[in-house]
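Here is a briefing on one protein structure. Look at the sequence and the model first, then read the points below.

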Amino acid sequence: MRKRLSYYYGFFRVLSFIKIWNLLALYSSYYFSLLRKKPIHRGEPWSLSLETGTFCNLSCLECPSGQKQFTRPTGTMSFDDYKTIIDKQKKYLIWLILYFQGEPFLNKQFFKMVEYAHSQRIFTSTSTNGHFLNPENAIKTVESGLDRIIISLDGLDQETYEKYRVGGKFKQVISGIQNLVQAKEQLNSASPFIVVQFIVFKTNEHQLGLLKSLKSELQADKIEIKTAQIYSSDDKNQLIPENAKHRRYQQNGDGSWAIKKKLPNKCNRMWRASVVTWDGQVVPCCFDKDADFQMGNLLEDSYQNIKNNKKYTDFRNQVFSNRSAIEICKNCSEGL
């Protein structure tokens, strides 16, 4: 209970009158847009995903970073660029996700980035493959003020784990989780809130029954089961689970696979959140992994100008008129 209360306190401590007013502007304009069936956008995103870099130490089968499939420029975000973006958005920003593509802990400025956002009263979170949580980095993670961390563990032994997390070391991830738990105890800290994430594939679904004991065994705050997102048609039969309950997709009569959820012509992510690549490009959401829909550069322009430009306006109009025709929306599990 103490951990939960501390977690929620970490979220509410960052609120201010301006941030709450911005939330009201965002959501009122979104629901007004639904009524008039034409998008109108007020306010700035209360959640931002920042890409610390595109590089990763693993070669996960469905990851464009691990498979080195990007057609866009690759690189690492500098602290100066990071600070420029945070300073532009900190008045409205509630939740900062230090992750888009790539492994965040590979950025040498990662802890400094978290510390700065924390000092600016922004709730911080990240997602990692867990290979860099040695004892020293575990201490730094806690000291940085990070509020939430997702650690991927898609298998409960080396053989199963490496079928998707190619190049990964199961025992190293387990040690990393244990190091972080110990660092929290050593520093008497309730944060970061540790989420161990298990993405269900055909290769690991036989281990789902073992997850119940994993939380207490690892002393994680939460075990999260997630459905797999598949891009390559060659991998569909290999990775999509046999149990339909854990599939994001359903098979059509012709044998092809399609997303289960309907795609209504609306999406509140276009109001409440945005994603920024390592070089400052603003893209609509985390499903645009190759940054095909670049709306503007936040290092060169304000978010106000970007959100109201023709590219972004046309994109929101298309979401409201024919969302299923947008390529990145076809694989969206949100269905907002």
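This is a predicted model: local features need pLDDT of at least 70, side-chain atom pairs count only at pLDDT 80 or more; totals for chains, interfaces and linings use all residues.

Residues are numbered from 1 along each chain as its sequence is written, and side-chain values use heavy atoms, with hydrogens and water left out.

**Terms for helices and strands**

- Helices (H or I, at least four residues) and strands (E, at least two) are DSSP runs, numbered from the N terminus.
- Axes are lines fitted to C-alpha atoms, for helices over the stretch in contact, and angles run from 0 to 180 degrees between N-to-C directions.

**Helix α5 against helix α7**

- α5 passes α7 in a right-handed crossing; a crossing is right-handed if the near helix is turned clockwise from the far one by less than a right angle, and left-handed if anticlockwise.
- Pro-135, Ala-138, Ile-139, Thr-141 and Val-142 of α5 make the contact with Asn-179, Leu-180, Ala-183, Lys-184 and Gln-186 of α7 (contact means heavy atoms within 4.5 Å).
- By class, this contact of α5 with α7 has six nonpolar, three polar and one charged residues.
- Ala, Val, Leu, Ile, Met, Phe, Trp, Tyr, Cys and Pro count as nonpolar, Asp, Glu, Lys and Arg as charged, and the others, Gly among them, as polar.

**Helix α4 and its neighbours**

- The crossing of α4 and α5 is right-handed.
- Phe-111, Val-114, Glu-115 and His-118 of α4 meet Asn-137, Lys-140, Thr-141 and Ser-144 of α5.
- The contact of α4 with α5 divides into two nonpolar, four polar and two charged residues.
- Helix α3 (residues 79-89) and helix α4 (residues 110-119) have axes that come within 11 Å and cross at roughly 20 degrees, so α3 is roughly parallel to α4.
- α3 passes α4 in a right-handed crossing.
- Phe-79, Tyr-82, Lys-83, Ile-86 and Asp-87 in α3 meet Lys-112, Met-113, Val-114, Tyr-116 and Ala-117 in α4.
- That contact of α3 with α4 has seven nonpolar, no polar and three charged residues.
- In α4, Phe-110, Phe-111, Met-113, Val-114, Tyr-116 and Ala-117 are buried (buried means under 20% relative accessible area, exposed over 50%, partly exposed in between, with a 1.4 Å probe and protein chains only).
- These buried residues of α4 pack against α3, β2, β3 and α5.

- Nine strands form an open sheet in the order β6-β5-β4-β3-β2-β1-β9-β10-β11, with mixed pairing; two strands pair if DSSP finds at least two bridges between them.
- β6 (222-227) and β11 (296-297) are the edge strands, and each pairs on one side only.
- β1 (residues 47-50) and β9 (residues 273-276) pair in the parallel sense over four bridges, where Leu-50 has Val-276 of β9 as its bridge partner.
- β1 and β2 also pair in the parallel sense, over three bridges, and Leu-48 has Leu-96 of β2 as its bridge partner.
- Both faces of β1 are covered, with Ser-47 and Ser-49 buried on one side and Leu-48 and Leu-50 buried on the other.
- β3 (residues 123-128) and β4 pair in the parallel sense over four bridges, with Arg-148 of β4 as the bridge partner of Ser-125.
- Five of the five residues of β4 (residues 148-152) are buried, so this strand is largely enclosed by the rest of the structure.
- On β4, Arg-148, Ile-150 and Ser-152 lie on one side and Ile-149 and Ile-151 on the other, and all are buried.

- Gln-101 is found in the loop between β2 (95-97) and α4.
- Gln-101 is buried, with a relative accessible area of 3%.
- The C-alpha atoms of Gln-101 and Pro-64 are separated by 8.0 Å, and the two residues are 37 residues apart along the chain.
- Ile-223 is found in strand β6.
- Leaving aside its neighbours within four places in sequence, Ile-223 is in contact with Val-196, Leu-211, Leu-214 and Lys-215.

Notes
Angles under 35 degrees count as roughly parallel, over 145 as roughly antiparallel, 65 to 115 as roughly perpendicular and the rest as oblique.
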